[in-house]
Amino acid sequence: MAALRRAGPFPGPSVAVAAGLLGLLGTALAGGGDGSTQFPWDAVRLPKHVVPLRYHLLIHPNLTTLSFAGSAAIEVTVTRQTSAVILHSKLLHITRAAIEDGSARSVQEVLVLEHRPFEQVALLAAEPLRAGHNYTLSIQYFANLSESFHGFYKSTYRTREGELRVLATTQFEPTAARMAFPCFDEPAFKARFSIKIRREAKHLALSNMPVVKSVNITSWLVEDHFDTTVKMSTYLVAFIVSDFKSISKITSRGVKISVYTVPDKINQADYALDAAVKLLDFYEDFFSIPYPLPKQDLAAIPDFQSGAMENWGLTTYRESALLYDPEKSSVSSKLWIPMIIAHELAHQWFGNLVTMEWWNDLWLNEGFAKFMEFVSVSVTHPELRVEDYFLRRCFDAMAVDALNSSHPISNPVEDPAEILEMFDRVSYEKGSCILNMLRVYLTADVFKAGLVQYLQKYSYQNTKNEDLWNSMTNICPTVGSDKNELQGDGFCRRSQQSSSNAHWTKGETLDVRAMMETWTLQKGFPLVTVTVRGKNVHLQQEHYVKGVDSPSSTGYLWHIPLTYITSKSDTVQRFLMTTKADVIILPEEVEWVKFNVDMNGYYIVHYEDDGWDRLINLLKENHTVISSNDRASLINNVFQLMRIKKLSVSKAFDLTLYLKHERQIMPVLQGMNELIPIYKLMERRDMDGTEKQLKEYIVNLFKDLIDKQSWSDEGSVSERLLRQSLLLLACVHRYQPCVDKAKGYFTEWQKSNGTLSLPADVKTAVYTVGAQTSEGWDFLLSKYRLQSFNVERENIELALSRSRS
């Protein structure tokens with residue numbers, strides 16, 4: 001650990017008092033040793049009998065010495081008598097601590113012990129704190145700005161002229177608020193925060209709330225006082241000291257939205273600002289709860305580890321997740337920027353207003369925000385057709401969830417390392433997929449009513465898994481619901497044809513909790529095997545596990561909301577399967593049956609006997625009889641079944657033959673996603689003959705589609721994304737017409753020293769072909785290092801990594 005230094009002028013204790021106190025701390029600060037005072041607490045979780053009500057924080061960062069000083073006055077209430085207050089602190093050098101009794105107006109200095117393994121400190125009082133009384137804990141401290149990407153950390157960027165500039169920013173989720181100020185750093189200890197920040201006059205300070213006044217301390221030092229926050233968890237506190245510039249707009253309900261960026265990039269902020277205004281308006285309507293703060297800032301941080309963070313009133317983002325240059329940015333940026341903003345703004349209700357009680361239910365935050373991205377953006381930006389990409393997310397989740405090493409969505413965790421492990425595809429993507437499944441099961445209007453009830457009931461509180469299910473269970477589905485409203489709410493498009501919204505359980509009360517706990521409390525997902533015998537459809541469920549010969553999961557059972565269509569009827573039929581095996585009786589015999597309509601359910605399906613042959617035949621003869629999502633799900637399922645040897649490789653490849661005639665983005669991308677990894681396996685194993693044949697097979701499947709592509713940025717977002725993927729596929733697999741065209745573009749671009757403007761959609765293909773020569777590779781690397789190419793860094797990274805050298 002680096003030496004800690006005092007930072008700048010700050011109202012601190014005298015050096016003598018500090019030295020005396022540090023002497024008192026002695027071996028206790030080192031976490032015990034043979035010091036006579038034992039640390040009074042031995043659990044990772046804090047005791048519950050001291051509860052914070054309000055924090056008064058003063059933070060003074062020094063961007064030259066890269067350190068900061070702080071003082072925290074924390075108002076607490078005590079529910080049972082105690083002589084020790086335990087709270088969190090990590091890498092903070094505490095110089096003074098005292099406890100003031102609010103009623104008696106008495107102040108006592110306290111002994112501070114630190115237990116580093118649990119990131120805790122104890123304030124030991126000579127006079128015990130009495131139950132039913134309020135106290136103020138006063139702590140002064142200093143620390144270095146963190147060198148990592150969490151806590152209160154240093155970030156840097158270079159201006160166009162190449163000057164290095166420093167800023168200080170925060171990232172507290174999940175357990176790093178304790179690196180910036182001593183606190184009760186668990187989500188259930190909600191409190192209000194009054195924050196003051198000292199900064200140089202040339203800088204700007206931001207926090208969760210607006211500035212109410214600024215005081216000049218000296219000619220060069222300003223103290224900004226921010227309004228007091230609403231009641232919230234510590235991980236949502238944020239502050240930034242920087243030289244950012246901003247642009248702003250006001251929403252229809254009067255909330256001020258601003259986007260902050262480094263000065264050179266403020267011209268890339270408009271797209272995000274417009275999206276944020278539309279999305280905040282959407283959420284206020286959708287949740288029927290007004291956004292409770294006067295402003296919402298979106299800040300693009302030059303060094304940022306995750307994609308973005310939902311700090312209440314001050315959301316922070318990677319630059320690539322917020323900034324959009326209409327001339328240079330890729331079409332995927334156009335799609336993902338509104339999605340990421342939608343995710344963080346959904347958190348202002350789901351996560352911030354109503355927060356999980358503990359990190360084991362992190363998915364309540366993240367699964368919901370992930371799910372709401374699609375619900376909101378499909379309404380605010382219909383031209384992006386985001387519903388086309390939802391399936392991909394569920395396939396990605398299943399790829400991880402099919403492993404024996406997966407975990408249930410709701411999983412017991414204790415310490416910070418375990419908590420960090422929860423931020424994965426299971427919590428985010430699987431969470432969003434099972435919520436979509438529930439929404440289709442309940443119908444969109446019932447689901448929405450349950451959500452609103454949940455948010456209103458638990459505002460400013462903390463919840464567990466079952467609180468959400470109970471909110472959903474108390475709302476009875478209405479069979480004659482207005483179908484237009486269902487569709488306008490989101491993206492379960494088949495609802496317009498559905499005749500039986502509520503016929504899942506033949507009129508019984510829906511036990512949402514019993515059903516959903518089978519999806520949240522056990523890992524993995526079911527494989528449903530369908531065997532058609534005349535009019536009888538026999539069903540069986542088992543746990544789908546990859547890479548394990550005999551999975552030890554015989555006890556697994558899900559309540560599966562099955563949906564199906566048949567050759568005789570495209571009306572979606574519904575059946576809740578709650579046992580290992582069951583039978584459905586059809587009104588008449590059918591040519592084929594397709595389960596999991598539009599893949600709205602989080603399960604895969606195997607068709608026994610000639611079931612797959614009938615579906616493969618259907619795809620070859622007239623693939624548009626079923627939806628593009630259904631086609632993508634058949635491609636995914638057939639390869640999943642091949643991986644566990646339920647189907648042969650040739651059967652899976654038989655199904656892909658129809659792709660020659662496919663024109664929709666989801667099935668085409670899914671075909672690529674299944675075939676390319678198989679090709680890469682062969683490439684690595686030097687299986688020359690087979691590798692060459694497979695490469696030719698893949699290119700031939702998509703050749704007609706590749707040849708149709710213009711080398712431009714024309715068309716809808718999905719057409720452009722498809723073009724980007726197809727051209728890259730063709731060039732990487734050395735399809736000559738593509739390689740020649742890309743070479744031509746690269747040569748022109750190189751001759752212009754990188755000033756020639758290439759269409760954004762073809763850049764990845766062009767750069768990848770250029771990177772195949774050592775001269776081209778070096779040229780790309782030289783551009784990658786330039787500030788003016790930062791919008792294209794990801795494209796160049798991809799190309800550099802695809803060199804065959």
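Modeller: A contact here means heavy atoms within 4.5 Å. On that basis, among contacts between residues at least 6 apart in sequence, 71% join residues at least 24 apart. Please keep in mind that this is a predicted model, with a mean pLDDT of 90 for the protein and 90% of its residues at 70 or more. Over residues 1-35, however, the pLDDT is below 50, although this stretch still has 61 contacts in the model beyond near neighbours in sequence. Residues 477-503 likewise have a pLDDT below 50, and there the model places 63 contacts beyond near neighbours in sequence.

As for the setting of these stretches, the secondary structure of the protein comprises 21 helices and 29 strands. The radius of gyration is 29 Å, close to the 28 Å that the globule rule gives for 805 residues, so the protein is as compact as a globular protein of that length. Taken along the principal axes, the C-alpha atoms fill a box of roughly 85 × 70 × 55 Å, and 59% of the 805 residues count as buried.

The protein carries 85 positive and 92 negative side chains, with the centres of the two sets 2 Å apart.

Conventions: Residues numbered from 1 in each chain as written. Predicted model: local features only at pLDDT ≥ 70, side-chain atom pairs only at ≥ 80, totals over all residues. Heavy atoms only, no water. Helix = DSSP H or I, 4+ residues; strand = E, 2+ residues; numbered from the N terminus. Rg over C-alpha atoms; globule rule 2.2 N^0.38 Å. Buried < 20%, exposed > 50% of the residue type's maximum accessible area, 1.4 Å probe, protein only. Lys, Arg positive; Asp, Glu negative; His and termini not counted. Charge placed at Lys NZ, Arg CZ, Asp CG, Glu CD. pLDDT = per-residue confidence, 0-100.
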